[in-house]
Amino acid sequence: MAQKYDIKETEVWDGNYAASQALRQARVDVVAAYPITPSTPIVENYGNYVANGYVDGEFVMVESEHAAMSGCVGAAASGGRVATATSSQGFALMAEVLYQASGMRLPIVLTVVNRALASPLNVRGDHSDMYLGRDSGWIQIDAFNAEEAYDMTLCAFRIGEHLNVRLPVMVHQDGFITSHTAQNVHPLSDDDAYQFVGDYKGVDDMLDFSRPVTYGAQTEEDWHYEHKAKQHKALMDSRAVIDEIFEEYGKLTGRNYKRVESYMMEDAEVAIVALGTTVETCRVAAEELRAEGIKAGVVAPRCFRPFPFDNIREALKNVKAVACLDRSSPGGAMGALFNEVSAALYTTEARPLVTNFIYGLGGRDFSIKEAKRIFMEQKAHVDAGHITTPIQQFSGLRGPKLGFFETKRS
Amino acid sequence: MAITSIKNLKEFSTSNDRFEGAHLLCPGCAHSMIVRELMNCTDDNLVIGTNTGCLEVSTAVYPYTSWDTSWIHIGFENAATAVSGAEAMYKARKRKGTLKDPDAPVKFVAFGGDGSTYDIGFQWLSGAVERGHDFTYICLDNENYANTGGQRSSATPIGATTTTAQAGSHSYGKKERKKDMVAIMAAHGAPYVAQLAPNKWKTMAKGFQRALETEGPCFINTVSACCTEWKFDPKDTINITDLATDSLMFPVYEIIDGHELNILYRPKNVIPVEEYLAAQGRYKHLFKPENRHVIDQIQKDIDEKWEMLQRREEARI
């Protein structure tokens, strides 16, 4: 039996340490992993727990991230709790198996410490890897700070393993800004954490030989479509389970999470929609602007997948202008957040003015000052009654301004 | 507990039905013979991983499956890793006491074609063997990407024509020699490595049993004659395999603990490789006068390899 950790009511943990402690407390049966900056400390910390008797499960250090996720799939099909961690290029190398994990409906937990994708090579945080995973059929939950990285990792096991869900779950945190910044975290005791997560419930267990199972069968045009539709439905239906588990976790910790986190949105006229640590930056900016009489608010999808179309629409239905901030190179399109938020808002009566900012690529700093400037630009759109800038702009870029698409007005 | 009676082929071939006869492999394909032999040589529970390839696409087309045991396919390259993960989970659950039947012995087996073993899955296999998982990897070596219509792999022998290394007016087919996968796996320090052939079925069954009973990662390269891409009559699968082993194109041998080499089949009359090549359409062009040198080269390579195997066997190092 693994030793228990002496957990204090308040710990000073960085995001990586918080995530690794959550994996340990969930008593994961198999961690198959491969190190990569900036998520390496998650597996190093876990290796430390293994070496010192805090883990009963198996720790398999494989030869690549593709193998890490492959090992996770084999382990998860064998009736136990499975988790791993990665970032960036490692995430990209895993991509093939991410789709297979979700298609086989295996509730693996993947802690993703977000980092830019090369080329050029860059180890700093942006959301390129998170966006790469957006069609992979995983639930994607975003943590904005170290404590949330801990909370969301514990919740991820409950959500993915829920018998009405059975899907893999990614828990995202920003590379370095969250992963390597020590902050106050209020963790649960080992016993309370495990009581919340609970024993693993096996479904179609390869090690139950009384009922042989075939994993990874082939389907062509006859059945593939039905399988994918069913998988999508499970992902969409997981919304209710996520709400339920967040509520239960709130009762336990006093920390109440929502699939969409709204901040000062009750009477907001202008809003920013963002992910990751930028959410906290924008909240501070909004507070400062409120003191100046600007009705600013912040909307943050806690859940990137399933995309909270309904809650986003609800959160933004009364604002007049919205800036969607995408921390990923959009590759010849509008940013993903812009596209998805715009689609949700198109179904509202008000149809606010929506603009897109690409920002912070490769770890470029995003300041409170810049967030305030973006809010004020939204205010200018509202006052003019139309978008006064290109619809897509690059924020914080050196050299000449870069923007695309003007609003056509009669 | 493995079955002990492997003296009677009829009894042996019908002793277990965990691999169902209803599958989509080509008539005359040796894959199913090899798979049945593996599954029949043990009574233990089996967790089987299979790389993408002929075997996989022919045995698990929803809503059907040929596998009456635990079976998983992920991708083209990673069956060894899938089985690593399953084996790790078995160890964890055994330790934690969450297995349904903790005392029942379980064996972990991965199957791959030569494309997935020699080429795309090489790293995954190497990693799994280095980590020392208790499993057996069986390569069904038909020397080409048969599932996708016969492209070259690094297991394709020199001189064979494939769709991506074609024989033509300016080419005698594949220019490069076959990768020596058995030596590579022995160099990993795997406790049991062998090259076996389904025509020598008793030897094959014994080799499989030894691999399954050996703790740690074992690798077996099996000769799987492919009537579709080697171009021979489906009824001749075993005849062709006889020519393969009797010409020493496929010597049958094992390597224990990375160094102790034993030749498991020594043909009474070694036949010239020409006879083996002449029986298959894929080598037809080698019999043109301008390509005869390739046959000479193949024979020379075989002779040298056989000499090397015999010396290593004798040296016991």
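Reader: Before we start, what counts as two residues being in contact here?
Author: Two residues are in contact if their C-beta atoms, placed from the backbone, lie within 7 Å. Please note also that this is a predicted model.

Reader: Thanks. Which residues of H1(A) and H6(A) meet, then?
Author: From H1(A), the residues are A:Gly15, A:Ala18, A:Ala19, A:Gln21, A:Ala22 and A:Leu23. In H6(A) they meet A:Ala146, A:Glu147, A:Ala149, A:Tyr150, A:Thr153 and A:Leu154. By class, this contact has 8 nonpolar, 3 polar and 1 charged residues.

Reader: And how do the two axes of H1 and H6 of chain A cross?
Author: The axes of helix H1 (residues 15-25) and helix H6 (residues 146-161) of chain A come within 8 Å and cross at roughly 20 degrees. Angles under 35 degrees count as roughly parallel, so H1(A) and H6(A) are roughly parallel to each other. The crossing of H1(A) past H6(A) is right-handed.

Reader: What about H6(A) and H7(A), how do their axes lie?
Author: The axes of H6(A) and helix H7 (residues 190-197) of chain A come within 9 Å, crossing at roughly 30 degrees. H6(A) and H7(A) are therefore roughly parallel to each other. A:Leu154, A:Phe157 and A:Arg158 of H6(A) make the contact with A:Ala193, A:Phe196 and A:Val197 of H7(A). These residues divide into 5 nonpolar, no polar and 1 charged.

Reader: Changing topic: which domains does chain A have?
Author: The domain assignment gives domain 1 (11-253) and domain 2 (261-404) of chain A. Their C-alpha centres lie 28 Å apart.

Reader: How many residues are in contact between the two domains?
Author: In chain A, 27 residues of domain 1 are in contact with 20 residues of domain 2. On the domain 1 side, helix H5 (128-132), strand S6 (139-142) and helix H8 (224-253) of chain A each supply at least two residues. H8(A) gives the most to that side, with 5 residues.

Reader: Strands next: in which sense do S9 of chain A and S2(B) pair, parallel or antiparallel?
Author: Strand S9 (residues 214-215) of chain A pairs with S2(B) in the parallel sense, over 2 bridges. A:Tyr215 stands opposite B:Ile72 in S2(B).

Terms used
Residues numbered from 1 in each chain as written. Chains lettered and ligands numbered in written order. Predicted model: local features only at pLDDT ≥ 70, side-chain atom pairs only at ≥ 80, totals over all residues. Axes fitted to C-alpha atoms, helices over the stretch in contact; angles between N-to-C directions. Helix = DSSP H or I, 4+ residues; strand = E, 2+ residues; numbered from the N terminus. Parallel < 35°, antiparallel > 145°, perpendicular 65-115°, else oblique. Left-handed = near helix turned anticlockwise from the far one by under 90°. Nonpolar A, V, L, I, M, F, W, Y, C, P; charged D, E, K, R; others polar. Pairing = 2+ DSSP bridges. Domains from an automatic or database assignment.
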